[in-house]
Amino acid sequence: MRVGIVGAGFMGWIHYLAYQRSSRATVGGFATRDATKQRGDWRDIKGNFGPPGQQINIEGLTIASTIEELLTDDSLDLIDICLPPHLHAQAIEKALAAGKFVLCEKPLALSSPVAKRLLEQATPGRLMVAHILPFMPEFCFLVEAHADARFGAAISGRFHRTIGPPDWLPDFYDTSRVGGPLIDLQVHDAHLIRLLFGMPQSANSVSHLIDGVPSRYETIFQYSNDFERPVVAVGGGVTNSPAREFTHGYEVSFERATVRFEFAGYQDGSTSGIPLTVLHADGQMERPVIESGDPVDAFVAEIEAAADAVAGRPLHPALDPTIAVDALTICEMQMPDSVS
């Protein structure tokens, strides 16, 4: 599979690194308006994980300043969109119109109506959304446990995701460009909740607001009125302490076991957390072995799942754009004018 990357920011860099490790996908070109990056100098890229940007080898690559220019390369099978969120929809439409497969970084769009419109335009299997969480080992374990029912049905879950002040992104609370903590941050957990528990009917949420956008929130989801309905909650957002850079985790109970995980990273470089732990109903406890601690490896797995779809194999559920649309809808349920 030959891929064209659109966007040479942090996510474009992480995807580029993943392609270098993949045995099934190669980068055939990229598009960026940055003249320095067009020359292969990506050294100014920095993020919250992975190595900083480097000088890349551009020999043999199609180098474009726009997606339109990149799409003239007929050798590219898939267009990997790593642009800012407000540019996703337009880029997807252009790539689909050119007959390309598309992998778009989350979120699919900034609203569920726009995301649904994109879904309607796409031939089944052609549009994929890069929600990385199910490919990360600690979360992949959870998704696979649900899929094979090794612990029985999932009956409850509590998810959290918190960051310090996002000073590096001045448009963070702009609903027309990034979307704030729900759309940019919690959408990961919403996607996971949709995979594990299905689509909730409504949400009961309380939040602190910044410019009318939820900044810090706690939410309980309402499912059907059946006796066996799941109990699912999510919390997090932005704290006012820069020392707490990032925290995420979960506690999910199945019929025969509870699975826990948490990771927290701090400004001084230290970390804390709960390793992946399974608490069995019979009192036994286990800590499954995690194969890789390198987060880029999760992106390799994600890319190779996309390569399967390009090769005509069934679409991996984590890449399904229908689930991505539902994740956006779950986030919107928690907006002040939407909760019930």
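Contact here means heavy atoms within 4.5 Å. All views show a predicted model.

**View 1. T219 in strand β9.** T219 belongs to strand β9, which covers residues 213-222. Its relative accessibility is 2%, so T219 counts as buried. Beyond its neighbours within four places in sequence, T219 contacts A203, N204, S205, V232, A233, V234 and Q334. With Q334 there is a side-chain to side-chain polar contact of 2.7 Å.

**View 2. R21 in helix α1.** Helix α1 spans residues 10-21 and includes R21. At 41% relative accessibility, R21 is partly exposed. Setting aside residues up to four places away in sequence, R21 touches D294, V296, D297 and V300. The side chains of R21 and D294 make a polar contact of 2.9 Å. P113 lies 92 residues from R21 in sequence and 36 Å away, C-alpha to C-alpha.

**View 3. The eight-stranded open sheet.** The strand order is β8-β9-β10-β7-β11-β12-β13-β14, with mixed pairing. Strands β8 (202-210) and β14 (285-286) are at the edges. Each has a single partner strand, so one side of each lacks a neighbour in the sheet.

**View 4. Pairing of β12 with β13.** Strands β12 (residues 257-266) and β13 (residues 271-280) run antiparallel, joined by eight bridges. T258 has L279 of β13 as its bridge partner. Helix α6 (residues 137-148) packs on the sheet and touches β7 (154-163), β11 (244-254), β12 and β13. The direction of α6 makes about 20° with that of β11.

**View 5. Helix α7 across the sheet strands.** Helix α7 (residues 180-197) lies across β7, β9, β10 (231-238) and β11. Relative to β7, helix α7 runs at about 160°.

How values were computed
Residues numbered from 1 in each chain as written. Predicted model: local features only at pLDDT ≥ 70, side-chain atom pairs only at ≥ 80, totals over all residues. Heavy atoms only, no water. Helix = DSSP H or I, 4+ residues; strand = E, 2+ residues; numbered from the N terminus. Buried < 20%, exposed > 50% of the residue type's maximum accessible area, 1.4 Å probe, protein only. Polar contact = N/O pair within 3.5 Å; in protein donor to acceptor, adjacent residues only side chain to side chain. Pairing = 2+ DSSP bridges. Axes fitted to C-alpha atoms, helices over the stretch in contact; angles between N-to-C directions.
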